[in-house]
Amino acid sequence: MTNESLVGRGSLLAPPNRFERVRVVPDDDAAVPPDEWEADERGLRTEFFVDASKSIVSENDSPDVGFRYSVNPYRGCEHGCAYCYARPTHEYLGLNAGIDFESKVFVKERAPELFREWLARRKREAEVVVFSGVTDCYQPAERRFRLTRRCLEVALEARQPVAIITKNALVVRDLDVLAKMAESRLVCVSISVTTLDASLARSLEPRTSPPRSRLEAIRKLSAAGVPTRAMLAPIIPGLNDSEIPALLKAVAEAGAETAHYVLLRLPLSVRPVFQEWLARERPEARSRVESRIRSARGGELNDPRFGTRMKGEGPLAEQIARTFHVFARRHGLGEQTTALDASQFRRPTGPAGQGWLF
């Protein structure tokens, strides 16, 4: 299902859910006036649902991901990035990975309390917890619900080190908390910068902060003493790979101390969403982009194998890697960020300030 009049969204698709037996197919001959249908769809608003999860910290064992624990206060993401690898997670909820993923967001209202309870069970030296291992913890919904900020306040109280990944400049709203954490080496922030082309960003990542705002976020964080790194993610062969030198120069000038990149991944239902976006927004580049993705993915549009899925393989992938490393060195961007200190951890107080019996 597509709708060319839908604006402000990364996907116009409602791709079939791979777990559902029943599929809804729109009737093109339905007796609904086109102008009336378009008006309803054009004004599609994000819906928020209560997520009654009883835990907030997820454990990861992937060798391709450099962290063990992560916190995601939201399921689904308003940013609507056409390439988002997290889209298939919405299918577990009986929804689709297209428009549902970005317009039906589940809110873990008890996230701060659940995080506090989890930390209270920790008896040994803490390990770093990553915020946004799946969906962005600073997506627009955070302005309203403030769950990420409240979780950070718990982390500060417990001296729990955290690493944040976001592409939203909203992160600087919490600079007061982040600066305090940075004083004790308890936080680092990764800002994802995909392109310097504002029009491309507006189309590809419709509800994220524009490139200039992300660079300004890097400046403000760095100026406040918060270790900040840039994530060039994803690098899309044939679309933004030519921007690597300019991107690295821009983030270095903004104050990032390190930089990393990830090659585009198109797992499962992400593939049709991205392909539809490509055909709609960059039709002249479609064949070139798909061909180059395949050349870096062993002839396929996705490679799920550990060890290659993040960087790709083959001559093109090697060229992208060389370009990245050459210009990263040129601009003084290393691969290691400031180490966080896990030795200060202390169990947080319980609800209403009471202690813990065990």
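Helix 5 (residues 147–158) is largely enclosed by the rest of the structure, because nine of its twelve residues are buried, where buried means under 20% relative accessible area, exposed over 50% and partly exposed in between, with a 1.4 Å probe and protein chains only. The model is a predicted one, in which local features need pLDDT of at least 70 and side-chain atom pairs count only at pLDDT 80 or more, whereas totals for chains, interfaces and linings use all residues. Residues are numbered from 1 along each chain as its sequence is written, and side-chain values use heavy atoms, with hydrogens and water left out. The buried residues of helix 5 are Leu147, Thr148, Arg149, Cys151, Leu152, Val154, Ala155, Leu156 and Ala158. From its first C-alpha to its last, helix 5 reaches 17 Å, close to the 16 Å expected at 1.5 Å a residue, the expected span being 1.5 Å times one less than the number of residues. Arg159, which follows helix 5, has a positive phi, near 55 degrees.

Residues up to four places away in sequence not being counted, Phe131 touches Val71, Phe115, Cys137, Thr148, Cys151, Leu152, Val162, Ala163, Ile164 and Ile165, a contact meaning heavy atoms within 4.5 Å.

A search of the whole structure finds zero disulfides, a disulfide being a pair of cysteine sulfur atoms within 2.5 Å. For Cys137, the closest cysteine sulfur is that of Cys151, 9.0 Å away and therefore too far for a bond; Cys137 itself counts as buried, at 0% relative accessibility. Cys81 is likewise buried, with a relative accessible area of 5%.

Across the protein, the secondary structure comes to twelve helices and ten strands, which are DSSP runs numbered from the N terminus (helices H or I, at least four residues; strands E, at least two). Of the 358 residues, 52% count as buried. Among contacts with a separation of 6 or more, 80% are accounted for by residues 24 or more positions apart.
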